[in-house]
Amino acid sequence: MKRIISKSKAFLRNKWKAKLFVFLSLVLFSLFVSIALAPQIKIKELQKLVNTDSVFIERFDSVYYYPEMSRLVGEKAYKEALLKLAENDSIQLVINLTDSTVDLSMKGVMIHQTIIKEFRKDKFFGKITLIQENKLFSQPLFVNSSYATIVKEPVVVRHAPKDTLEAAMNAWQPDTLLQNPAFVALSVEYNIQIILEQDMNNTFYDKWRKFKFYKYLSLRKAIVALENFICFERQEYQPTIRIKMPVDDLRAIYRTLPSNTFIVIKM
C-alpha cells in the first residue's frame with residue numbers, strides 16, 4: 001500500500017513538473033513568435049502611414065515605379081530632406097550610404113566629411129516599397145536618444161601653476177584626456193537605429209568595450225521585448241544601420257552634434 005502511495009505521489013510530482021515545462025515552453029514560443037513577426041508588422045505600419053497621407057500619395061507619381069526612375073526618386077527624396085535640414089540653424093548629420101560618406105551640415109553647407117569604411121543595413125530596408133522608403137527618408141529624422149562610449153563634452157582639469165617655472169612646464173605638457181573606444185547608438189524617428197563604430201579594434205580593451213557596448217544594446221532590447229510581451233503590447237522592431245569609420249572622425253562628429261540632432265539618410 002505504501003509503495004502504491006509513493007508511486008502515486010511521484011507520478012503527480014512529475015506530472016506537475018511536466019505541466020510547468022509545457023507552460024514555460026509555450027510562453028517562450030509565443031514570445032519568439034511575437035518577436036519574429038515584428039518586422040512584418042513594422043512594414044504594415046509604414047504602409048498605413050503612407051496611406052493616411054493623401055497629399056504625399058498624390059505627389060508620388062506612378063511613373064516613379066519604373067526601374068529607370070527609381071534611382072532618381074531616391075535622389076529627389078534626398079535633396080528634399082537636405083532642403084528641410086538647411087532650415088535648421090545648428091550643425092546636423094547627413095549619412096549618404098550611396099556615396100559612403102558621413103557629413104556634418106550647417107545651413108545647407110557641408111563643413112566636414114568622413115569616408116565610411118564599411119556599413120551594413122538590415123534586410124528590412126530591402127523589403128520596404130519605393131513609396132515607403134520615399135516617405136521615410138524625404139525628410140530629416142529626429143534623434144530621440146543616444147548611447148555612446150565617448151565622453152560628450154571632454155574636460156581637462158589643470159591646476160594653476162605655483163610659479164613661472166611650473167607654468168612653462170605645463171605649457172608643453174601633452175593632453176592627458178583619456179580617449180575611450182568610440183561606439184555610438186542613435187535611436188531616430190520610426191524607431192530606426194543607427195550604430196556608428198570605429199573601424200579598427202586592435203587592442204583587447206577596444207574589443208572588450210565593443211563587446212560591452214553591444215551587450216548593453218542587446219540587454220536593453222530584450223528587456224523592452226519582455227515588457228511588451230508581459231503587458232500584451234505589440235513588439236517594436238528596430239531596423240538598424242551599422243557604420244564603421246575612423247575613430248578620430250567619429251569622436252569629432254559625436255561631440256559636435258547638438259542635443260536636438262536631425263539626420264538625413266540616403267539609402
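Visitor: How much of the protein counts as buried?

Guide: Of its 267 residues, 34% count as buried, where buried means under 20% relative accessible area, exposed means over 50%, and partly exposed is in between, with a 1.4 Å probe and protein chains only. This is a predicted model, in which local features need pLDDT of at least 70 and side-chain atom pairs count only at pLDDT 80 or more, while totals for chains, interfaces and linings use all residues. Residues are numbered from 1 along each chain as its sequence is written, and side-chain values use heavy atoms, with hydrogens and water left out.

Visitor: OK, and how many helices and strands are there?

Guide: The protein has 8 helices and 9 strands, taken as DSSP runs numbered from the N terminus, with helices being H or I of at least four residues and strands being E of at least two.

Visitor: In what order do the strands sit in the sheet?

Guide: The order is E3-E2-E1-E9-E5-E6-E7-E8-E4, in an open sheet of 9 strands with mixed pairing; two strands pair if DSSP finds at least two bridges between them. Strand E3 (109-115) and strand E4 (118-121) stand at the edges with a single partner strand each, so one side of each has no neighbour in the sheet.

Visitor: Which strands does E5 pair with?

Guide: E5 pairs with strand E9 (residues 262-266) in the antiparallel sense over 2 bridges, and Leu141 stands opposite Ile263 in E9. With E6, E5 pairs in the antiparallel sense over 5 bridges, and there Ser145 is opposite Ser187.

Visitor: And what lies across that part of the sheet?

Guide: Helix H7 lies across E5, strand E6 (183-188), strand E7 (192-198) and strand E8 (240-245), and runs at about 170° to E7. For such angles, axes are lines fitted to C-alpha atoms, for helices over the stretch in contact, and the angles run from 0 to 180 degrees between N-to-C directions; contact means heavy atoms within 4.5 Å.

Visitor: Which aromatic pair is stacked, with 10° between the planes?

Guide: That is Tyr147 with Phe213, at 5.6 Å centre to centre, and the structure holds 9 aromatic pairs. Rings of Phe, Tyr and Trp (its six-membered ring) pair if their centres lie within 6.5 Å, and planes under 30 degrees apart count as stacked, over 60 as edge-to-face and the rest as tilted.

Visitor: Why would that pair tie together parts of the chain?

Guide: Tyr147 lies in strand E5 (residues 141-148) and Phe213 in helix H7 (residues 204-230), so the pair links parts that are 66 residues apart in sequence. Phe213 is buried at a relative accessible area of 1%, whereas Tyr147 is partly exposed at 24%.

Visitor: Switching to H5, how many of its residues are buried?

Guide: In helix H5 (residues 130-137), 6 of the 8 residues are buried, among them Ile131, Leu136 and Lys135. The charged end of Lys135 sits over the ring of Phe56, 5.3 Å from its centre, a term used if NZ of Lys or CZ of Arg is within 6 Å of the ring centre and within 35 degrees of the ring normal.
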